[in-house]
Amino acid sequence: MPRFTVHIRDEWLAVPCRDTSNTIQWLGQEALKRYIKNKPDNGGITAVKDTRFVARRCQGLGLLDADDTIDDVLEDNDFVELAIEGDTMSPDFIPCEPGVSHLYPYTRWKFYISLDGNSLMSTDLINLGRGLYKIKLTPEAERKVVQSRELLDTIVKENKVVYGITTGFGKFARTVIPVSKLKELQENLVRSHSAGVGNPLSPERTRMLLALRINVLAKGHSGVSLETLQAMIQAFNASCLSFVPEKGTVGASGDLAPLSHLALGLMGEGKMWSPTSGWADAKYGLALINGTQMITSLGAEAVERAQAIAQQADIIAALTLEVLKGTTKAFDSDIHALRPHPGQIEVAQRFRSLLDSDHHPSQIAESHRFCDRVQDAYTMRCCPQVHGIANDTIAFVQNIINTEINSATDNPMVFAERGETISGGNFHGEYPAKALDFLAIAVHELASISERRIERLCNPSLSELPAFLVNEGGLNSGFMIAHCTAAALVSENKVLCHPSSVDSLSTSAATEDHVSMGGWAARKALRVIEHVEQVLAIELLAACQGIEFLRPLRTTTPLEKVYELVRSVVKPWMKDRFMSPDIEAVHRLLLDQKVWNVAKPYIDKYQTEYIPESRPVSPTAFSLDSPASPRKRVRHE
C-alpha cells in the first residue's frame with residue numbers, strides 16, 4: 001500500500017493511502033486527523049474540514065494543488081509539508097525528511113558581493129547564507145589566484161617534493177606521489193576524508209560554508225585554479241549545495257570532514273541539494289578541503305544572533321522592570337562612569353532611553369514614585385553589569401570571527417611573489433574555538449538572569465501581581481510551566497557552556513597531536529543562543545501579560561510600542577490555552593529583530609538629544625546625562 005510522510009508543525013506523520021486517486025486535500029485532512037488525535041485541545045485545531053492549509057512536496061519545494069490527485073503529483077514514500085494558514089507554529093521552511101536539514105526558501109538573487117579574501121564581514125556572510133546576494137571575484141583576486149596556480153603547476157612540472165601537492169598527507173607526508181597519480185591522490189583525499197556523521201547542515205548554513213571557502217581561496221594562497229574557483233562560485237550562485245554532515249571535525253588541520261563533504265558533492269559524488277531538485281546525485285567537481293571554514297561560518301551565525309538577542313534583552317528587561325515597579329536610579333550615568341566598561345555603559349544608556357524620564361514619562365512609574373523601596377533585586381539593578389559583559393564579549397568574538405573570515409587557513413601556503421610554498425599551522429581552529437566557547441558562556445548569562453526575572457513576575461510575593469500572571473488561579477495555571485521551560489533551558493545551557501576547546505585528542509597517528517574541537521564549540525554555541533532566545537521570548541510574554549494587570553496605567557512610549565508589537569501576534573492570557581504557539585510567535589519576533597527595530601528609533605533619539613555638546617566623551621567612558629541636561633525623574637526617592 002502506498003504511504004506518504006506528512007510534516008505538520010514539529011511532527012512527522014505516516015499516512016497510508018489505499019486509493020491514490022484521492023486528492024491532496026484528502027491527504028492533508030487525513031494527516032491533520034492523525035496530528036490532533038493525541039493533542040490537548042486538538043492542538044488548537046477546531047475542525048479539520050474547515051482548516052485551510054498549503055501543501056508542498058519536500059523535494060524541490062513544489063507547491064501542490066489541493067485538487068490534484070495523489071497519483072498525478074506524488075510518488076510512493078514522498079515527503080510532504082503542510083503549513084496551516086495563519087498558524088504561528090507552521091514553519092516558513094520545509095524539512096527534507098525526518099531528522100534532516102531544513103530547506104530554506106530559495107531567493108533568486110539580484111545583487112552581488114565581490115570577494116577578495118580580505119573584506120568580508122560576518123553580517124555579509126549571514127546575508128549570503130540567506131540568499132540575498134550572488135558572488136563574484138574582484139579582478140585583483142583573480143590575478144592572485146592565477147599567480148598562485150602558476151607556481152603550483154611549476155612545482156609539479158619540476159617534480160619538486162612539496163607537502164600535500166606531490167606527497168601524501170598527515171602520517172604519509174614523506175610518501176612521494178608520482179605525477180601520473182596526482183589527480184587520483186586528490187580524489188582519494190576527498191573520498192577518504194568524507195567521513196562525517198549526523199544531520200546535514202541546512203542549505204542556509206551550507207551556503208555560508210561555501211561562500212567562506214570561496215572567500216579564503218580568493219586570497220590567492222591556496223593554489224586552486226581559477227577555473228575550479230569559478231565552478232564553486234557557479235554552484236553557489238545556483239544554490240547547488242553539497243550534503244555536509246554537521247559532526248566529524250576536531251578543528252585542527254582544518255575542518256577536514258565537513259570541507260571534504262563540501263568538495264565531494266562538487267566533484268560529482270555523494271548528494272547535493274538544489275531548489276529545483278531537492279536532494280539528488282551530485283554534478284560538480286573539485287578537491288579542496290583544508291581550512292577552518294566550518295567553525296567560522298557557524299561562528300559567524302552565532303555571533304550575529306548573539307548580538308541581536310543581546311540588544312533585545314535590554315528592552316525586555318526594561319519592560320520587566322516597569323511591570324515590577326523598579327527604580328531607574330541604578331542606571332544613573334555617573335554610576336557607570338566610575339566603572340567604564342563599554343558594554344555596561346551602553347546597556348545603562350539603553351535602560352535610561354526606555355524607562356521613565358522627562359523624555360518618555362511613564363504612568364506606571366508615577367504610580368509608585370513615593371514608595372518606600374530603596375533598591376531592586378540584582379536581576380534588575382545589575383542588568384548593565386551582567387548584560388554589559390555579554391555585549392563586550394560579543395564584540396570581542398565578532399572581531400575574532402571577522403579576522404578569521406578573511407584569513408588564509410590552508411596548508412601548505414602558496415606565496416607566488418616569493419616563488420615558494422611553506423607548511424604552517426594556520427589551519428588550527430583554536431582562535432574561533434576559544435572565542436565561541438567564550439561567546440556561549442557570556443550569552444548564556446542573558447538567559448540565566450532572565451529566568452530569575454520570570455520567577456519574579458510569576459511569584460506574587462515578589463511582584464504584587466496575580467500568581468503565574470493569570471486570573472482564577474487554580475482553575476488556570478497561567479505561566480507556571482512556561483517558567484519551568486525557561487528553567488529547563490537555562491539548566492541545559494549550563495552543561496552546553498562547558499568549553500569544548502579545553503579538550504584535545506591526538507589524531508592521524510599523532511601527526512595532529514593537538515586539536516581545537518572548534519566544530520563542537522560552534523554548534524553548541526548556536527544551541528545555547530537558541531535557548532537564550534527562547535527564554536527571553538518567555539520573559540517578554542510574561543512582562544506583557546503583567547502589563548494587563550496594571551491597566552489603565554501606561555508605560556513609556558517605546559515600551560508601549562514593544563507591547564503593541566507582541567499583542568499583534570499574541571493575545572492577552574485571559575484563561576489557559578495552548579502556550580507553545582505563543583512562545584514560538586514571540587521567538588520569531590526576536591529572530592527577525594522586530595523588538596529591536598521597534599525600540600531603536602527611541603534609543604537613538606534619546607542618545608542624540610541627551611549627550612551635551614559641551615561635555616567631552618571619552619572613548620571608554622561616556623555619560624549621556626549631565627547637570628546641564630534636563631533632570632531625569634527617578635523613582636523610590
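Select Arg577. At 24% relative accessibility, Arg577 counts as partly exposed (partly exposed lies between buried, under 20% relative accessible area, and exposed, over 50%, with a 1.4 Å probe and protein chains only). The Asp582 and Arg577 side chains form a salt bridge, N to O at 2.8 Å (a side-chain nitrogen of Lys or Arg within 4 Å of a carboxyl oxygen of Asp or Glu). Asp582 is buried, at 10% relative accessibility.

The model is predicted: local features need pLDDT of at least 70, side-chain atom pairs count only at pLDDT 80 or more, and totals for chains, interfaces and linings use all residues. Residues are numbered from 1 along each chain as its sequence is written, and side-chain values use heavy atoms, with hydrogens and water left out.

Next, select Asp314 and Arg350. Their side chains meet in a salt bridge, 2.7 Å from N to O. Asp314 sits in helix H9 (residues 293–323) and Arg350 in helix H11 (residues 342–354), so the pair ties together parts 36 residues apart in sequence. Helices here are DSSP runs of H or I, at least four residues, numbered from the N terminus. Asp314 is buried, with a relative accessible area of 0%. Arg350 is buried too, at 4% relative accessibility.

Move to helix H21 (residues 594–610). Asp604 and Lys600 are four residues apart there, about one helical turn. Asp604 forms a salt bridge with Lys600, with the closest N and O atoms 2.7 Å apart. Asp604 is partly exposed at 32% relative accessibility. Lys600 is partly exposed at 33%.

Last stop: select Arg205, Glu301, Arg305 and Glu533. A network of salt bridges links these residues. The structure holds 25 salt bridges.

Note on methods
Helix = DSSP H or I, 4+ residues; strand = E, 2+ residues; numbered from the N terminus.
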